[in-house]
Every structure is written in structure tokens, then in C-alpha cells.
Amino acid sequence: MNPDVAADLTQLSETLASVEAVLDLDGLRKQIADLGEQAARPDLWDDPESAQKVTSQLSHKQSELRKIEELRQRLDDLWVLYELAEEEGADGETHAEADTERERLRADIASIEVRTLLSGEYDERDAIVTIRSEAGGVDAADWAEMLLRMYLRWAERHGYSTEVYDTSYAEEAGIKSATFKVDAPYAYGTLSVEQGTHRLVRISPFDNQGRRQTSFAGVEVLPFVEAVDHVDIPEKDIRIDVFRSSGPGGQSVNTTDSAVRITHLPTGIVVSCQNEKSQIQNKAAAMRVLQAKLLERKRQEERAEMDALKGDGGSSWGNQMRSYVLHPYQMVKDLRTEYEVGNPSSVLDGEIDGFLEAGIRWRRTSSDS
């Protein structure tokens, strides 16, 4: 076998071994066995919320183990493929097939290696994402809706379930804001690098003179709150208003006052939910979002105190984090990592893994320096 190819395969094997060590495959198998026992209990569905959590965790962890085992098997098979290619000679089809698989495998191992960088306190959690239109009028509202579709398509591509809690439609087109949950392993750790302002440059479809327009939308990512977080909200601290859900252009989509708006009086934080079927479900979803916002507020305050003690005045990432240019040229570029793609349509269709991986690596490098 070519010495360079052999060295490369050895390097890939070492990288995969370090991933296997960090993810602790024996521990993962034990967790799967424990969750399997819980899932097999006859009284599992007596508590539907707990049952959902157990079955979801079991599915995620089985998928994680399967991915790692498949990568190791593919690497073992690749050694054999190169040996067969050597027998054929350098110009044989098997050699080209082996080279193609080696590059695919390199990308897949690098992708799963990024997961080992997610070691923050809340990184394992589900994510609550809010998108808001900012400067740019109707174009910004349309841009916010494009971003919402981008993230939902990303989740769909990976088989992750999502739940849209609230959508506030703009008058002419697009949305003022939307809040949704992503139920996936390490959803918060992965998507948290998307937080910030996303900028779109294009010929406005809403300008009859066909002028170029720059519009902005903000993305906020919060970890899903769990019971262990102890985010207690006294009844006296909130005001609850109910109203009728509305669809695009202000049309009513519900004939009852089932939508819920909760105002947290001490902080002025307002959240709403209108996409569930009943007022009780909407209130529960809105409370979860409010808890997530209060947890994040507490974390920000603690971080500010630590930064003040360290005397560095805080380390802001900067607000504007990515540009999407559709005219006069085509490019999507992350302003922090310099990662860029020349095909905006694929990015807007949910192909954002390259940006996520670059962002996670950049964040780790920034925090280490």
C-alpha cells in the first residue's frame, strides 16, 4: 500500500479512537441498556411526558452508537479496499472508489469529532430558537421567514423533530418573529453558534424598481429548561393575557381565545404561544420559553460578574455574524470563522452543517485563547 495512504488511514483511525474515548462507548452501551429496561416497563406510558423523554433518549443514544460503530467498520473495510486496489493496479476502478470513500470518511469523522467539543453545561439540551425580523421593513420580515425555513429544513434533513410554539406574521409578507423547539442530541450546543444577526443582500422582490436591499434578522438560541434548573416563577410575577390566534395577513386561524401571552413583570420579558390546540397547552409552552429566557438572563448576569472579576469587560462575539449575498454575486460567509459557501440556495435549504462545525471549532479556539 502507498505509504502516504497508509499514514492517512492510521491518522483517521487515531482521530476516531480519540472520539470513541471521549464518547465512552462502554458507558454509552450501559446507558442504552438502562434506557431499554425503562422503555420495556409496562407502566411506562402512565406518565406520557417521562415516557417520551425515555424513548427519545434511547433512540438518540442508539443512533449515536450506531454512527460510531459504522465509522469504525467503514475504516476497517477501507484498508481491505486499498489492498484489493493494489492487486488491480493503480489505474483500476477500485482505487478510485477507495479514494472517494476515504474523503467521505474523513468528512464524516471530522463531523462527529466536532461533537466532542460540545462540553458546556447545557450543550446536551434541546434548543429553543427565536427568529426576529430587524431592520429592512417587509424584506426583513420575508428574510426572517426564510431563516425559519432554513433551520426547520436543517432539522428535517437530520431527522430531528421540531415544534413551532409561536409565529407572529407580518402584514405584507413574512414574519415578525417565530419561536420553535429542536428536539435533538446536543441541539443547544450545536445551534448556539447561530446566535446573532444574519444579513441578507439581494434584489428586493417587493421593490417595483428592482433595487438592491439589505435586510437583517436576529437569531436567539436558548437551552430547554429542565426540572433540575429550578427556575421558579411566582404567580404574582406574571400577567397572562389570552387572545385569538392569527395567521398570515392578520387572518384568524382559530375561533377561540386559545393563544396565550405571558408578561414577566420584574423583567418586562414577554413571550407568547399560539400554535398549540388549547389554551392550557399554549400556556405550558409559553411558560417553558419564559423559563428558558430567565435561565439565560441569570447565566448572562453570572458571566458578566465573572468578566468583571477578570477585568476583561466581557467577550462579545459581535452582533452581525453572517452575510448571505444573492446579488451582485452569490455567497454566504460567516464573519467570525471566515467559512464561506458559494451556493446560497443550498444553505437556505438547510445545508448549514459546515457553518455549524466551523462555529463550534471557532468557539472552542476562542475560549481557549
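What follows is a walk through the model, one selection at a time.

This is a predicted model, so local features are reported at pLDDT of at least 70 and side-chain atom pairs only at pLDDT 80 or more, while totals for chains, interfaces and linings use all residues. Residues are numbered from 1 along each chain as its sequence is written, and side-chain values use heavy atoms, with hydrogens and water left out.

Stop 1: Step on to Gly89, which follows H3 and has a positive phi near 105°.

Stop 2: Now pick strands S2 (161-169) and S3 (175-183). They pair in the antiparallel sense over eight bridges; pairing requires that DSSP find at least two bridges between two strands. Click Asp166 and you'll find its bridge partner in S3, Thr179. Five residues sit between the strands of this hairpin, and Gly174 takes a positive phi near 75°.

**Stop 3: an open sheet.** Bring up S6, S7 and S8, three strands in that order with antiparallel pairing. Which strands stand at the edges? S6 (238-243) and S8 (269-273) do; each has a single partner strand, so one side of each is left without a neighbour in the sheet. Neighbouring strands here are turned by 15° against each other on average, direction ignored (axes are lines fitted to C-alpha atoms, for helices over the stretch in contact, and angles run from 0 to 180 degrees between N-to-C directions). S7 (259-264) pairs with S8 over five bridges, and His264 stands opposite Ile269 in S8.

Stop 4: Select Arg322 in strand S9 (320-325). Buried or exposed? At 0% relative accessibility, Arg322 counts as buried (under 20% relative accessible area; exposed is over 50%, partly exposed in between, with a 1.4 Å probe and protein chains only). Its side chain makes polar contacts with those of Tyr324, at 3.1 Å, and Asp334, at 3.3 Å. A polar contact is a pair of N or O atoms within 3.5 Å; within protein, one must be able to donate a hydrogen and the other to accept it, and residues adjacent in sequence count only if both atoms are side-chain atoms.

Beyond four places in sequence, Arg322 is in contact (heavy atoms within 4.5 Å) with residues including Glu194, His198, Val332 and Phe355. Hop to Val332, in strand S10 (331-334), which is also buried at 0%. Its C-alpha is 7.8 Å from that of Val347, 15 residues apart along the chain.

**Stop 5: the cores.** Finish with Ile131, Leu147, Tyr151, Leu191, Leu290 and Tyr324: of the 58 residues in the largest nonpolar core, these touch the most other members. Such a core is a set of buried Ala, Val, Leu, Ile, Met, Phe, Trp, Tyr and Cys residues joined through side-chain atoms within 4.5 Å. Leu191 touches Tyr151, Trp154 and Leu356, among others. A second, separate core of 25 residues includes Val5, Leu35, Ala51 and Leu71.

Technical notes
Helices (H or I, at least four residues) and strands (E, at least two) are DSSP runs, numbered from the N terminus.
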